Amino acid sequence: MTSSLSWFFSPRSVAVIGASRDPAKVGHGVLKNLLSGGVFYARSAKPFSGKVYPINPAAKKILGKVCYASVLDVPGPVDLAVVCVPAAAVLDVVRQCVQKKVKSCVLISAGFSETGKGDLQQGILAEAKKGGLRILGPNSLGLIRPAARLNASFGLTTPRPGSVAFISQSGALADSVIDWALEEDYAFSAMVSVGNQADVGFAELIRFFADDPQTNVISLYVEGLSDGRAFMDALRHAAKKKKPVVVLHGGKTRTGQLAASTHTASLASSAAVFEGALRQCGARTADTLTDLFAISSALSCCRPCANRWAVLTNAGGVGVLLSDYADRYGVQLLELPESLVQTLDDSGRLPSTWSRRNPLDIIGDATAERYEAALEALLKDPSIAGLIVAQTLQTMTEPVKNAKLLVACKKRFPKKPILAVFLGGKYSHDAMRFLNRHGVPQFNEPLQAVKAARALSTSD
Amino acid sequence: MLLDVRESLHLLERYGLAYPKTKVCVSRADVLENAYGMRFPVVLKASSREQSHKTEKGLVQLGIRDLDELAHAFDRLAYKSRHFTLDAFVVQEQAHGAEFLVGGLRDPSFGPSVLFGLGGIYAELLEETAVRVCPLQKLDAEALLEQTKARVFFQPDGFRGKTAAAEPVLDVLLKVSALMEKEPVQSLDFNPVMADEEKAVVVDPRVVMQA
């Protein structure tokens with residue numbers, strides 16, 4: 001294995017130290033996640049294919065698995081240990097892991113530098129270093145590698161395998177993201193909760209995922225960093241590897257920073273310096289949590305393109321809003337070439353009242369056939385690099401047909417990103433799901449589509 | 001620790017950062033004598049380490065057109081500053097152009113960084129500033145010029161008749177980057193840096209050294 005981090009993401013065997021019979025305990029959830037992929041049901045949750053060893057000196061069997069009194073009693077080698085014992089017991093456990101030559105260790109246990117017990121954390125780190133044992137955490141919620149069927153966390157279940165690596169300084173936040181991912185159909189190459197970053201931190205993980213063939217986009221929730229320079233170097237490495245990095249920065253305000261300092265015990269940088277550093281290294285920023293995943297997901301399924309966009313809509317209002325946001329976020333809406341207007345006029349497939357400009361408004365009563373005529377012409381035009389397609393729901397609108405149309409267009413024109421803005425709820429749900437499932441990013445908010453277009457645009 | 005005027009100007013010189021012709025004086029006679037050979041209008045400032053916002057406290061007199069006005073200005077400033085400990089009286093040729101803010105700071109995690117944006121008395125209110133981490137490459141400095149509304153001054157039409165050439169301002173940013181990397185400076189605040197079509201000059205340097 002090229003990186004020592006590989007042991008975290010493709011272990012052959014996992015020990016759960018502090019495995020518990022009590023379903024209310026972390027040590028139970030972690031074991032169950034390993035054995036089944038998820039405490040909660042999801043089609044994407046699958047049992048870990050390697051060996052799983054519960055460690056608990058007081059139990060014989062948990063969840064049908066034979067328990068060992070300590071990691072030293074495990075018969076075979078252990079690549080990854082997930083530790084959920086109280087903070088005071090961690091040092092001994094780490095000593096045993098070193099003795100057992102365990103390769104990597106997730107410390108779920110909390111109560112270290114984030115509560116002022118930095119000395120204890122340092123002691124554990126020194127012990128681990130003696131044996132080359134790498135540590136994720138402490139105060140981590142674990143990690144998930146869907147394609148390896150590895151759920152070494154107490155997150156509720158495993159999301160679909162995909163190409164977005166999500167690294168979060170808040171573990172609990174990552175857990176809600178899992179539930180959300182099931183609903184929104186987001187898919188991940190990995191989810192990692194970094195906790196206090198005593199050993200493995202953002203910089204090393206960014207480098208790892210930049211080199212990871214499963215990962216196309218790296219998505220971060222960051223509150224603070226101990227070494228900003230190493231972080232910048234890692235971002236530059238990802239840029240060189242053409243892996244876009246999208247960052248949501250928490251703790252931008254004084255109040256937020258105060259909350260962050262007691263949360264993960266990291267230094268707060270001024271928001272302006274952090275933003276400057278991101279821009280300097282070519283990383284993208286997200287304003288909100290929903291933006292973070294919307295942008296990441298768009299980057300994972302569309303190729304970046306020149307900043308020359310067209311908007312196709314069946315609602316004037318959505319076109320106006322998209323134009324406003326495009327202006328504000330520096331997304332260029334092209335003037336429609338005359339030849340294109342002519343082609344569409346001649347086709348006889350659009351109503352006489354169509355807008356003849358960008359946004360291209362094909363009017364509220366547009367059917368799938370009308371969308372098809374406009375899409376065809378827009379995608380064939382070489383001056384247009386990317387497309388935002390909006391749909392509002394009227395009695396004659398055909399959301400699923402339109403969704404299928406967009407998916408077919410994506411296949412025919414793979415170089416041109418198509419972003420969908422199907423606005424609605426209950427009766428748009430199937431179409432939205434179809435779009436997301438088939439690699440056409442769908443946004444239920446025009447602003448988000450524009451932010452995604454901005455993130456996809458390579459130049460001004 | 002805040003540098004006094006002489007120390008600040010010396011630091012500017014060491015890094016080749018231009019400032020308007022300036023004389024640091026200790027008395028009325030000194031001020032008047034030194035003003036010979038300067039190009040009017042000039043500015044007179046009462047410099048005190050205790051006072052950071054000189055304009056608000058009436059410790060700056062702008063647009064002094066001749067020696068007579070300078071003598072009057074001195075008397076006014078001497079009166080207004082009678083309760084402060086002064087380092088010096090500073091006579092400076094008055095600069096013109098667009099006003100920018102150039103700053104240097106040390107971030108706990110990213111280290112030395114350079115800040116750029118709209119300058120002048122409303123700079124802190126408008127917060128039209130952007131930051132890059134040292135060492136700045138030319139591309140980083142160029143991006144700084146473009147990131148905030150201060151970009152308007154580098155466009156052909158400028159703003160309210162004021163335009164600035166990019167090169168001299170880029171040069172200031174790169175020199176401040178080098179300074180922040182080499183000197184034990186905690187923070188520096190050049191507000192304003194005045195720039196026109198030919199040059200960019202640091203009018204009011206405020207430099208705090210690390211403890």
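Two strands count as paired if DSSP finds at least two bridges between them. In this predicted model, that criterion bears on B:Val43, which stands opposite B:Gln92 in strand E4 of chain B. Chain A contains 16 helices and 18 strands, while chain B has 6 helices and 10 strands. The two chains touch one another, with 16 residues of chain A in contact with 13 residues of chain B.

**Confidence**

- The mean pLDDT of chain A is 93, and 96% of its residues score at least 70.

**Overall form of chain A**

- The secondary structure of chain A amounts to 16 helices and 18 strands. Its radius of gyration is 25 Å, close to the 23 Å that the globule rule gives for 460 residues, so chain A is as compact as a globular protein of that length.
- Taken along the principal axes, the C-alpha atoms of chain A fill a box of roughly 80 × 45 × 40 Å.
- Buried residues make up 53% of the 460 residues of chain A.
- Of the contacts in chain A between residues at least 6 apart in sequence, 73% join residues at least 24 apart.

**Domains of chain A**

- The domain assignment divides chain A into domain 1 (6–298) and domain 2 (304–456). The C-alpha centres of these domains of chain A lie 39 Å apart.
- The contact between them draws 10 residues from domain 1 of chain A and 11 residues from domain 2 of chain A.
- Helix H10 (residues 289–301) of chain A gives 6 residues, the largest share of the side of domain 1 that touches domain 2. By class, that side of domain 1 of chain A has 4 nonpolar, 2 polar and 4 charged residues.

**Parallel sheet of chain A**

- An open sheet of 4 strands in chain A has the order E16-E15-E17-E18, with parallel pairing. Strand E16 (360–361) and strand E18 (418–422) of chain A stand at the edges; each has a single partner strand, so one side of each is left without a neighbour in the sheet.
- Strand E17 (residues 386–391) of chain A pairs with E18(A) in the parallel sense over 5 bridges. A:Ala390 has A:Val421, in E18(A), as its bridge partner.

**Surroundings of A:Ala87**

- A:Ala87 lies in helix H3 (residues 87–100) of chain A. This residue counts as partly exposed because it has 18 C-beta neighbours inside 10 Å, whereas a buried residue needs 20 or more.
- Beyond its neighbours within four places in sequence, A:Ala87 is in contact with A:Ser109, A:Ala110, A:Gly111, A:Phe112 and A:Leu120.
- One of these partners, A:Ala110, is 23 residues from A:Ala87 in sequence and 6.2 Å from A:Ala87 in space, C-alpha to C-alpha.

**Interface between the chains**

- The interface brings 16 residues of chain A into contact with 13 residues of chain B. On the side of chain A, helix H7 (228–240) and helix H9 (271–280) each supply at least two residues.
- H9(A) provides the largest share of the side of chain A that touches chain B, namely 6 residues.
- The residues on this side of chain A divide into 6 nonpolar, 7 polar and 3 charged.

**Overall form and domains of chain B**

- Chain B comprises 6 helices and 10 strands. Its radius of gyration is 17 Å, close to the 17 Å that the globule rule gives for 211 residues, so chain B is as compact as a globular protein of that length.
- The C-alpha atoms of chain B fill a box of roughly 50 × 45 × 30 Å along the principal axes.
- Of the 211 residues of chain B, 40% count as buried.
- In chain B, 62% of the contacts with a separation of 6 or more come from residues 24 or more positions apart.
- Chain B is split into domain 1 (21–93) and domain 2 (98–209), and the C-alpha centres of these domains of chain B lie 26 Å apart.

**Antiparallel pairing in chain B**

- Strand E1 (residues 22–25) of chain B runs antiparallel to strand E4 (residues 88–93) of chain B, and 4 bridges join them. Within E4(B), B:Gln92 stands opposite B:Thr22.
- Strand E2 (residues 42–47) of chain B also pairs with E4(B) in the antiparallel sense, over 6 bridges. B:Gln92 in E4(B) stands opposite B:Val43.

Methods:
Residues numbered from 1 in each chain as written. Chains lettered and ligands numbered in written order. Predicted model: local features only at pLDDT ≥ 70, side-chain atom pairs only at ≥ 80, totals over all residues. Contact = placed C-beta atoms within 7 Å. Nonpolar A, V, L, I, M, F, W, Y, C, P; charged D, E, K, R; others polar. pLDDT = per-residue confidence, 0-100. Domains from an automatic or database assignment. Rg over C-alpha atoms; globule rule 2.2 N^0.38 Å. Buried ≥ 20, exposed ≤ 12 C-beta atoms within 10 Å, placed from the backbone.
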